[in-house]
Amino acid sequence: MSNAEVLPLLESDAVAPCCPPLNERPMSAEEAEVAAKMFKALGDPVRLRLFSAVASHRDGEACVCDISDVGVSQPTVSHHLKKLKEAGLLSSERRGTWVYYRVEPSVLAAMGALLAGAAKTA
C-alpha cells in the first residue's frame with residue numbers, strides 16, 4: 001500500500017503578468033516600475049542582440065560561449081547578461097566552467113500581453 005499523494009499539474013502556459021494590458025486600466029506605480037525595468041533592459045542594442053540570441057537558440061537556452069560575438073568585449077557581454085537577469089528576462093545555470101542562459105517564458109508572455117491589449121484597439 002502506498003501513501004503517495006497525486007498532486008495537480010501546474011499549467012505550463014500560466015503567466016504571472018507584471019502588469020495589466022495598457023488599455024485595461026492605468027498602471028500602478030509598482031507595475032510601471034517592473035515593466036519599465038524590463039523594457040529598459042531591452043532598450044540597449046547589445047542587450048537586445050544577446051536576448052535575441054538566447055531566445056532563438058535551439059532548446060531555448062544558450063551557452064555564453066555561443067552568444068558572446070556581439071561586437072563587445074567578454075566583460076561587457078557579462079555585464080549586459082547580468083542586466084538582463086536583473087530585469088527578470090533571463091535565468092542562468094552554471095554547468096562546469098560555462099554558464100547557460102534561458103529566456104523566462106512567463107515574462108515574455110506577460111510583456112506580450114501588456115502590448116497586445118493596446119494593439120487590439122489601434
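Trainee: What is the order of the strands in the open sheet, and how do they pair?

Mentor: The order is E1-E3-E2, and the pairing is antiparallel. Strands here are DSSP runs of E with at least two residues, helices are runs of H or I with at least four, and both are numbered from the N terminus. This is a predicted model, where local features need pLDDT of at least 70, side-chain atom pairs count only at pLDDT 80 or more, and totals for chains, interfaces and linings use all residues. Residues are numbered from 1 along each chain as its sequence is written, and side-chain values use heavy atoms, leaving out hydrogens and water.

Trainee: What makes E1 and E2 edge strands?

Mentor: Strand E1 (61–63) and strand E2 (90–95) each pair on one side only. Two strands pair if DSSP finds at least two bridges between them. E2 and strand E3 (residues 98–103) have six bridges, in the antiparallel sense, so they count as paired.

Trainee: How do you know that H2 has a span close to the expected one?

Mentor: The expected span is 1.5 Å times one less than the number of residues. Helix H2 (residues 45–56) has twelve residues; 16 Å is expected, and H2 reaches 16 Å from its first C-alpha to its last.

Trainee: Which residues of H2 are buried, and why are they said to line one face?

Mentor: They are Val46, Arg47, Leu50, Phe51 and Val54. Buried means under 20% relative accessible area, exposed over 50%, and partly exposed in between, with a 1.4 Å probe and protein chains only. Seen down the axis of H2, the buried residues fall within an arc of 135°, so they line one face of the helix. That arc is taken from the directions from the helix axis to the C-beta atoms. On the other side of H2, Pro45 and Ser56 are exposed.

Trainee: Why is glutamate 61 called buried?

Mentor: Its relative accessible area is 16%, and the cut-off for buried is under 20%, so glutamate 61 qualifies. This residue lies in strand E1.

Trainee: What makes the pairing of the side chains of glutamate 61 and arginine 102 a polar contact?

Mentor: A polar contact is a pair of N or O atoms within 3.5 Å; within protein, one must be able to donate a hydrogen and the other to accept it, and residues adjacent in sequence count only if both atoms are side-chain atoms. The two side chains make such a contact at 2.6 Å.
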